[in-house]
Amino acid sequence: LTVRLHQWRHAASVPSVLDPAVPRALANLGSLGLIPEPLVKGLLGAHRLLRQLECVLGIAVEGPVGRDRPSAGLELLLLRAGGARSIQQLEEAVEDATGMVRAAFDAAADRAGDD
């Protein structure tokens with residue numbers, strides 16, 4: 001949604017920002033100078049991490065996922081997908097990623113409200 005907000009904000013004046021693929025959309029927004037490069041890299045990293053974990057959970061888990069400790073096999077898959085050494089490190093990475101995305105969304109929404 002954060003990337004889409006940036007796209008909608010600039011689409012009227014720069015239609016080329018519209019792309020359904022998040023990585024390409026971010027690359028377009030960054031190359032046009034509409035999002036700072038460090039934010040592009042941060043959002044790409046967050047998107048990659050969250051999508052990888054979502055894919056593992058979608059394949060490996062049937063039904064809702066709770067906060068209970070995952071099985072050893074699922075834990076290993078999640079750690080590999082997230083590039084972490086421990087569940088705590090993975091949870092911290094997810095918190096960092098979602099916090100950064102939230103902050104970027106809030107900033108974009110504030111700027112859109114000023115337009």
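A surface patch here is built from residues with over 30% relative accessible area and no salt bridge, with like charges joined within 9 Å and nonpolar side chains (Val, Leu, Ile, Met, Phe, Trp, Tyr) joined within 5 Å. Accessible areas come from the Shrake-Rupley method with a 1.4 Å probe, and for residues only the protein chains shown count as cover. In this structure, Leu1, Trp8 and Leu18 make a nonpolar surface patch of about 390 Å².

The model is predicted: local features need pLDDT of at least 70, side-chain atom pairs count only at pLDDT 80 or more, and totals for chains, interfaces and linings use all residues. Residues are numbered from 1 along each chain as its sequence is written, and side-chain values use heavy atoms, with hydrogens and water left out.

**Overall make-up**

The protein chain has five helices and zero strands. Helices (H or I, at least four residues) and strands (E, at least two) are DSSP runs, numbered from the N terminus. Read from that end, the order of elements is α-α-α-α-α. Of the 115 residues in the protein chain, 29% are buried. Buried means under 20% relative accessible area, exposed means over 50%, and partly exposed lies in between (1.4 Å probe, protein chains only).

Trp8 sits in helix α1, which spans residues 2–10. With a relative accessible area of 56%, Trp8 is exposed.

A pocket is found on a 1 Å grid over the protein atoms alone, as an open set of points with protein on both sides within 12 Å along at least five of seven lines; the probe is 1.4 Å, and lining residues have an atom within 4 Å of a point. The volume of the second largest pocket is about 220 Å³, where volume is the space filled by probe spheres set on the points, and grid points are joined across faces, edges and corners.

Among the residues that line this pocket are Leu1, Val22, His47 and Phe105. At least two lining residues come from each of α1, α2 (22–31), α3 (37–60) and α5 (87–114). Helix α3 gives the most, with four residues. By class, the lining holds nine nonpolar, two polar and one charged residues. Ala, Val, Leu, Ile, Met, Phe, Trp, Tyr, Cys and Pro count as nonpolar, Asp, Glu, Lys and Arg as charged, and the others, Gly among them, as polar.

**Salt bridges**

Side chains of opposite charge can pair when their charged atoms come close. A salt bridge is a side-chain nitrogen of Lys or Arg within 4 Å of a carboxyl oxygen of Asp or Glu. The structure holds two salt bridges.

| Salt bridge | N to O distance |
|---|---|
| Asp19 and Arg24 | 3.0 Å |
| Arg51 and Glu54 | 2.1 Å |

Asp19 counts as buried, at 14% relative accessibility. Arg51 and Glu54 both lie in helix α3, three residues apart, about one turn of the helix. Arg51 is partly exposed, with a relative accessible area of 39%, and Glu54 is also partly exposed, at 45%.

**Glu91**

Glu91 is placed in helix α5. Its relative accessible area of 34% makes Glu91 partly exposed. Glu91 and Leu79 are twelve residues apart in sequence, and their C-alpha atoms are 9.9 Å apart in space.
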